[in-house]
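Please look over the sequence and the structure below before reading on. The briefing that follows goes through packing, aromatic pairs and charged pairs in turn.

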Amino acid sequence: MKYYLLSINSNSELWNGYSTISPFTDKDSNDIDSPIKALGNLDLYYENLKFDEKSNNIPPFDMADDILLIRKDIKDISILKGEYLDLIPVFNLNGKNEFLAFDIKNLIFNCVNWEKSSFEPWPPERKIKEWEHPRGQIFYKPVIYKSKIPNDVEIFRIMEWPDTNIVISEIFKNKLLKLDFNHNFLKFLNIELVLID
């Protein structure tokens, strides 16, 4: 089974004419410390930020605060839901619901092979702040242990990988590709799997 790091394609030309969203708040526009933890327990709100003032097109996917969003009007999106993924409504500050958020239920711990993963460590002389990740400052691509992934899991997050990380199986990727939207809005980065030494 192949696995991929799923993310938004940030190619700026692709987003011309589309609106994207701001970080999440509560209904009174107050910041939320950890929207991922609040998802499913608290309604999340956002403001539209327009790249093109003449347009109000909504992209098929967007991301805010490390939460992946899909337009709720994409046909057959219910095929994505399962034991490890709920699709939770989020709202703009006018109360309109345009997106569903990926609420990923499976978190995998201690699955990263740090020796083979691609990231930029801190300079040796750098004093690491308490809130900073101790291993590095920029994280590019994880290499993960195959044995840590349960066979039936199609989507999960890696707990110790600090950047946005949504890992999907080839099965889940194919489900996404069956949906009717411009697939260039997503990126699928192949993940290397290794055995535990």
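Which residues form one aromatic cluster with F61? F61, F102, F172 and F181 form it together. The model is a predicted one, and the points below are grouped by topic.

**Nonpolar cores**

- The largest nonpolar core holds 41 residues. Those with the most contacts inside this core are F61, I70, F102, I155 and F156.
- Seen by element, two or more residues each come from the strands β1 (3-8), β6 (67-71), β7 (85-92), β8 (99-104), β13 (155-158) and β14 (166-169), and from the helix α2 (170-178). The most is given by β1, with five residues.
- F156 shows what such a position has around it. Leaving aside residues up to four places away in sequence, F156 touches Y3, I104, N106, I108, I144, I149, N165, I166 and V167.
- Another core lies apart from the largest one and has 15 residues, including I21, I67, I88 and F99.

**Aromatic pairs**

- Over the whole structure, a search finds 15 aromatic pairs.
- One of them is F61 with F102, an edge-to-face pair with 6.3 Å from centre to centre and 65 degrees between the planes. F61 belongs to strand β5 (residues 61-64) and F102 to strand β8, so this pair ties together parts that are 41 residues apart in sequence.
- F61 is buried, at a relative accessible area of 0%. F102 is buried as well, at 1%.
- W114 and F139 also pair: their ring centres are 6.1 Å apart and their planes stand at 75 degrees, so the pair counts as edge-to-face. W114 is in the loop between β9 (107-108) and β10 (118-120), while F139 is in strand β11 (residues 138-141); the two are 25 residues apart, and the pair links distant parts of the chain.
- Both W114 and F139 are buried.

**A lysine over two rings**

- K173 lies over the face of Y4, 4.3 Å from the ring centre.
- K173 also lies over the face of F188, where the distance to the ring centre is 5.1 Å.

- S19 is placed in strand β2. The relative accessible area of S19 is 5%, under the 20% limit, so S19 counts as buried.
- S22 is found in the loop between β2 (19-21) and α1 (35-38). Its relative accessibility is 8%, so S22 counts as buried although it sits in a loop.
- The side chain of S22 reaches the backbone nitrogen of E47 at 3.0 Å. Not counting residues up to four places away in sequence, S22 touches Y46, E47, L49 and A64.

**Salt bridges**

- Side chains of opposite charge can pair when their charged atoms come close. A search of the whole structure finds six salt bridges.
- D86 forms a salt bridge with K105, and the closest N and O atoms are 3.5 Å apart. D86 lies in strand β7 and K105 in the loop between β8 and β9, so the pair ties together parts that are 19 residues apart in sequence.
- D86 is partly exposed at 30% relative accessibility, and K105 is partly exposed at 43%.
- K105 has a salt bridge with D103 too, with 3.0 Å between the closest N and O atoms. D103 counts as buried, at 9% relative accessibility.
- E154 and K175 meet through their side chains in a salt bridge of 2.9 Å, N to O. E154 is in the loop between β12 (143-145) and β13, and K175 is in helix α2, so this pair ties together parts that are 21 residues apart in sequence.
- E154 is partly exposed at 22% relative accessibility; K175 is partly exposed at 21%.
- Which residues do salt bridges with shared partners join into one network? They are D86, D103 and K105.

Methods:
Residues numbered from 1 in each chain as written. Predicted model: local features only at pLDDT ≥ 70, side-chain atom pairs only at ≥ 80, totals over all residues. Heavy atoms only, no water. Core = buried A, V, L, I, M, F, W, Y, C linked by side-chain atoms within 4.5 Å. Buried < 20%, exposed > 50% of the residue type's maximum accessible area, 1.4 Å probe, protein only. Helix = DSSP H or I, 4+ residues; strand = E, 2+ residues; numbered from the N terminus. Contact = heavy atoms within 4.5 Å. Polar contact = N/O pair within 3.5 Å; in protein donor to acceptor, adjacent residues only side chain to side chain. Phe/Tyr/Trp six-rings, centres within 6.5 Å; stacked < 30°, edge-to-face > 60°. Lys NZ or Arg CZ within 6 Å of the ring centre and 35° of its normal. Salt bridge = Lys/Arg side-chain N within 4 Å of Asp/Glu carboxyl O.
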